[in-house]
Amino acid sequence: MEVGVRHSTKLDIEGVRQQSASEALRAESEPKESYKKLGEPDVNRNGLDAATDKTRVRSEMPRENGTGAKDGEEERMLNGGGGDAGAGGEPTEKDKLAQKEVEVKFIPSQNGDVHVQMELESQQAFTGMTKEELMKYANDPFWVRLRWLLFVLFWALWGAMLLGSFYIIYDAPKCAAPVPLSWWQEGPLVELDADRYAEQLPDVVRYGAKGVIYQLPADETYLVQTAEVEGKLKQLVSTFGPKDVKVVVDITPNFVTKDDELFAEALKQPGSAAHAAFVWREQGQTPPNWLSIAEECSAWKNASNGQYVLSQFGPDRFDLQFGEPAARDKLKQTLRALLELGVRGVRLANAKHLLINADGGNEAPMNLEQADKSLTHTDYGFWTHKETTYREGLGELFRELTGLVHAQSAGDAFLSVTEDILLPEVFAVNGTLPVDAPLYGNIEFDLRDGSGPDVAKKLRHDIENAYGTIGGYGTLGGVGKPWLQLRYDRASLVHVPASEYTVFHFLLPGVPVFPLDVLTKGNVSHESVEALEKFRATPSFQHGLFSVHNDANASTIAYTRLKSGNPGYFVVLNLAQGDQPTTADFSGIYGIGSELTVVLTSQNYAVPNVGVKTKVPVEAVPLSPRSALVATYVPTK
């Protein structure tokens with residue numbers, strides 16, 4: 001007989017399945033009965049000889065289907081020698097088995113013994129409900145309603161999330177598109193020679209100027225509406241307009257001449273609004289010690305009405321007081337006339353003098369630390385001029401005038417100044433600087449005096465100071481920051497040649513302003529200016545970040561322009577003089593790549609084997625004396 005064969009049978013006694021639950025629990029609390037090993041007498045009771053006929057015994061063991069065994073013959077359930085029924089009405093083993101399905105397993109061993117294992121169905125692994133059992137509940141009203149409720153909730157939540165995502169997309173703050181630069185911000189602006197501007201037209205076009213600046217004679221500021229001046233301005237606009245070059249006019253609004261209608265009315269009507277537009281002192285009173293700007297004498301002149309009238313800008317020129325409506329209206333009338341003639345930019349001269357303390361007293365001398373020791377009380381620079389310059393209210397005045405220019409031109413024209421404003425806080429109003437292109441900082445002065453061991457460090461400091469100060473203000477339109485004028489002329493080129501000056505200046509944040517002869521007489525090529533204007537049109541220049549740096553030895557000056565997702569621009573100027581090239585280490589600049597690709601060099605750049613498209617290491621940028629270089633780089637961060 002094959003050893004190790006495992007027989008099992010499953011007893012399912014159906015007769016007594018209706019027994020109460022209490023009896024089942026009590027039955028489980030009773031001591032468990034066990035099967036004992038069958039002895040030889042028990043085996044012989046069935047006519048078997050254990051010693052001689054083991055094979056027959058095994059062959060007659062019960063089958064899984066329950067056949068081939070008589071009830072109680074092959075095995076007897078023993079409980080201390082007990083019989084078939086429990087004492088005192090206790091449930092029998094049969095009763096217990098009837099309560100639950102029990103699986104009985106017979107496991108024979110090699111020595112002829114049989115091991116019996118019994119396992120309750122409750123101890124078996126849970127197999128779940130069958131399909132037939134589940135289908136009994138398919139049409140149950142409770143489960144039908146529950147399924148519909150969950151179905152509706154699922155799609156309602158899904159739809160709510162979808163609508164919520166649409167709302168988030170719609171209501172989320174939009175990333176504002178970069179505002180394109182105005183035509184005058186793109187630059188450059190070229191100052192014309194008033195006597196031969198028609199001859200300059202070809203060079204203006206070749207150098208790619210976006211606008212030209214015409215300086216109107218000071219005495220003609222309030223004569224714009226006369227036939228002579230109007231015809232001159234129309235001719236100017238018609239000359240450059242067809243070439244898509246805008247016209248900017250410099251005017252001097254501070255005074256009127258003796259023949260002006262407003263001044264004539266003021267003389268005739270002492271108590272009129274016209275009279276209030278000028279600054280007067282009564283005859284017989286000693287006027288304040290205010291000095292003339294144009295003459296070495298008092299700024300007060302005797303008028304025909306027997307009063308003293310303020311005249312700071314020369315003979316027969318009488319100062320307007322722009323704190324008065326009549327003076328402001330006169331200037332506004334001139335601005336409107338210029339814009340109607342096609343002028344698209346106006347720069348005001350002597351902006352700091354526009355407001356005057358009409359009742360002011362004597363001026364105080366400069367303090368000893370600021371005073372020029374060579375000056376005396378007869379010199380204009382000896383006095384502080386607090387009564388006639390940088391008066392409170394300049395910001396409000398410029399906001400009114402600039403707003404007029406913007407509104408009259410639909411935002412296409414600008415209003416600016418011709419001199420350094422020096423004190424931007426005086427021109428500011430509520431955190432904005434209503435001067436479209438202020439002139440501010442010492443950049444031009446540093447480059448003009450570009451010599452000495454610390455010139456690169458000083459230049460870096462002054463550049464950072466200029467942009468840090470102006471960058472602290474907003475614009476009148478509320479978009480971006482004020483755009484600096486970067487003015488220079490031939491007098492600025494004492495130490496830095498025209499080509500190097502132009503390369504360095506063109507990519508600073510601002511608009512380059514210069515006379516045309518800076519380029520023509522400085523031998524600055526059209527190709528280099530064209531390349532610089534191409535760089536100015538890139539996102540890195542128009543909307544990128546700006547930072548200034550010195551090399552590791554602080555002997556050269558450089559700056560970077562970078563907008564995320566675009567190549568960075570690196571501009572370097574070597575101010576050192578000499579004959580031998582040098583190398584500058586700029587590896588300390590945060591985020592700069594290890595290599596620079598040269599895209600433009602100045603006229604003095606003469607390093608062998610270095611030209612356009614050459615790659616140079618950032619830790620050893622080769623430079624000639626008094627030369628400039630423009631390169632691109634891939635930012636690392």
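Helices H8 and H9 are roughly parallel to each other, a label given to angles under 35 degrees. Their axes come within 10 Å and cross at roughly 25°, where H8 covers residues 197-206 and H9 covers residues 227-240. Axes here are lines fitted to C-alpha atoms over the stretch in contact, with angles from 0 to 180 degrees between N-to-C directions; helices are DSSP runs (H or I, at least four residues) and strands are E runs of at least two, numbered from the N terminus.

Please keep in mind that this is a predicted model, where local features need pLDDT of at least 70 and side-chain atom pairs count only at pLDDT 80 or more, while totals for chains, interfaces and linings use all residues. Residues are numbered from 1 along each chain as its sequence is written, and side-chain values use heavy atoms, without hydrogens and water.

Now look at who meets whom. From H8 come Tyr197, Leu201 and Val204, and from H9 come Lys232, Gln235, Leu236, Thr239 and Phe240, contact meaning heavy atoms within 4.5 Å.

Lys232 has another partner: Glu220 touches Val229 and Lys232, with residues up to four places away in sequence not counted. Glu220 sits in the loop between strand S5 (211-215) and H9, and counts as buried because its relative accessibility is 17%, below the 20% limit (1.4 Å probe, protein chains only).

Phe240 leads us onward, being among the residues with the most contacts inside the largest nonpolar core, which has 116 residues. Such a core is a set of buried Ala, Val, Leu, Ile, Met, Phe, Trp, Tyr and Cys residues joined through side-chain atoms within 4.5 Å. Helix H12 (residues 325-340) gives the most to this core, seven residues.

Key. Angles under 35 degrees count as roughly parallel, over 145 as roughly antiparallel, 65 to 115 as roughly perpendicular and the rest as oblique. Buried means under 20% relative accessible area, exposed over 50%, partly exposed in between (1.4 Å probe, protein chains only).
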